[in-house]
Amino acid sequence: MALRSLVSRKTLGLASSGLKLQFRGLQTFSLPDLPYDYGALEPAISGEIMQLHHQKHHQTYITNYNKALEQLHHAMEKGDSSAVVKLQSAIKFNGGGHVNHSIFWKNLAPAREGGGEPPHGNLGWAIDEDFGSLESLIQKMSAEGAAVQGSGWVWLGLDKESKKLVIETTANQDPLVTLGPLVPLLGIDVWEHAYYLQYKNVRPDYLKNIWKVVNWKYAGEVYDKERA
């Protein structure tokens, strides 16, 4: 994922506030490979959508993040605190796009490789305890995703403080961690680019079918690791 380090350690004094920021190991990113072919999730998600989503949209977030990081590096060298502050929104948006999509690809799997199979073990038990059943979780998460205004994500996360499962939504490309000490187990992209070519503007149909290729095994592995 990481290609190279731009800044190993840099301290910038912000004259306006006297605040000092330390940057360690700021890294540019490269597009991760998918663990399956573009057409492997059909008919739930078409190969055309997957290819465009991965090669164009995810790549664009990476390109723009890397560009913003280069600009941040130069602004820090010049001691330009105004430019550093201005770049934060681009870094958050595009960096979040990369983080979210990297999770999203792992959250999916072809049906022949276990996609859509219900969760077992600890995660399955936790879902029953916190939501009553897997069906109740799916209904609630789909409803929350359909209700997102504009673009964003719907998440199943683990609250590291309460040790409970939670369903949350984030706007645009905000990662789940921006809401608190939450670990993303499953994220569903509800931006139109994730479904429009196949489902047009009927987001609920997309949300109905994506469960057929959800990789609950991966979510369960993350859950076990974070609960350990």
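Predicted model: local features only at pLDDT ≥ 70, side-chain atom pairs only at ≥ 80, totals over all residues.
1. Proline 43 sits in the loop between strand E2 (19-29) and H1. The bond joining glutamate 42 to proline 43 is a cis peptide, with omega about 5°. In general, most peptide bonds are trans.

2. Next, the overall layout. The protein chain holds 7 helices and 5 strands. Read from the N terminus, the order of elements is β-β-α-α-α-α-β-β-β-α-α-α. The chain has 228 residues, and 47% of them count as buried. Take the contacts between residues at least 6 apart in sequence: 64% of these join residues at least 24 apart. The accessible surface is about 11700 Å². Carbon and sulfur atoms account for 50% of that surface.

3. Now the pair H1 and H2. Two packed helices are described by the angle between their axes and the distance between the axes. Helix H1 covers residues 47-78, and helix H2 covers 81-106. H1 and H2 pack at an angle of about 150°, and their axes are 8 Å apart. Angles over 145 degrees count as roughly antiparallel, so H1 and H2 are roughly antiparallel to each other. The crossing of H1 and H2 is left-handed.

4. Asparagine 107 deserves a look. It lies in the loop between helix H2 (81-106) and H3. Is asparagine 107 buried or exposed? Asparagine 107 is buried, with a relative accessible area of 0%. Leaving aside residues up to four places away in sequence, asparagine 107 touches Leu185, Leu186, Gly187, Val213, Val214, Asn215 and Tyr218. Leu185, Leu186 and Gly187 are among these contacts, and strand E5 spans 182-189. Tyr218 is also on the contact list, and helix H7 spans 216-227.

5. Helix H3 covers residues 121-131. Which of its residues are buried? They are Leu123, Gly124, Ala126, Ile127 and Phe131. Seen down the axis of H3, these buried residues fall within an arc of 160°, so they line one face of the helix. Trp125 and Glu129, on the other side of H3, are exposed.

6. Finally, check the backbone at two residues that are not glycine. Most residues other than glycine have a negative phi. Asparagine 172 is not a glycine, yet its phi is positive, about 55°. Asparagine 172 is found in the loop between E4 and E5. This asparagine is partly exposed, with a relative accessible area of 38%.

7. The other residue is lysine 200. Its phi is near 55°, a positive value in a residue other than glycine. Where is lysine 200 found? Lysine 200 is in the loop between helix H5 (196-199) and helix H6 (203-209). Lysine 200 is partly exposed, with a relative accessible area of 46%.

Key:
Residues numbered from 1 in each chain as written. Heavy atoms only, no water. Buried < 20%, exposed > 50% of the residue type's maximum accessible area, 1.4 Å probe, protein only. Helix = DSSP H or I, 4+ residues; strand = E, 2+ residues; numbered from the N terminus. Arc of directions from axis to C-beta. Contact = heavy atoms within 4.5 Å. Areas by Shrake-Rupley, 256 points an atom, 1.4 Å probe, with all protein chains shown as cover. Axes fitted to C-alpha atoms, helices over the stretch in contact; angles between N-to-C directions. Parallel < 35°, antiparallel > 145°, perpendicular 65-115°, else oblique. Left-handed = near helix turned anticlockwise from the far one by under 90°.
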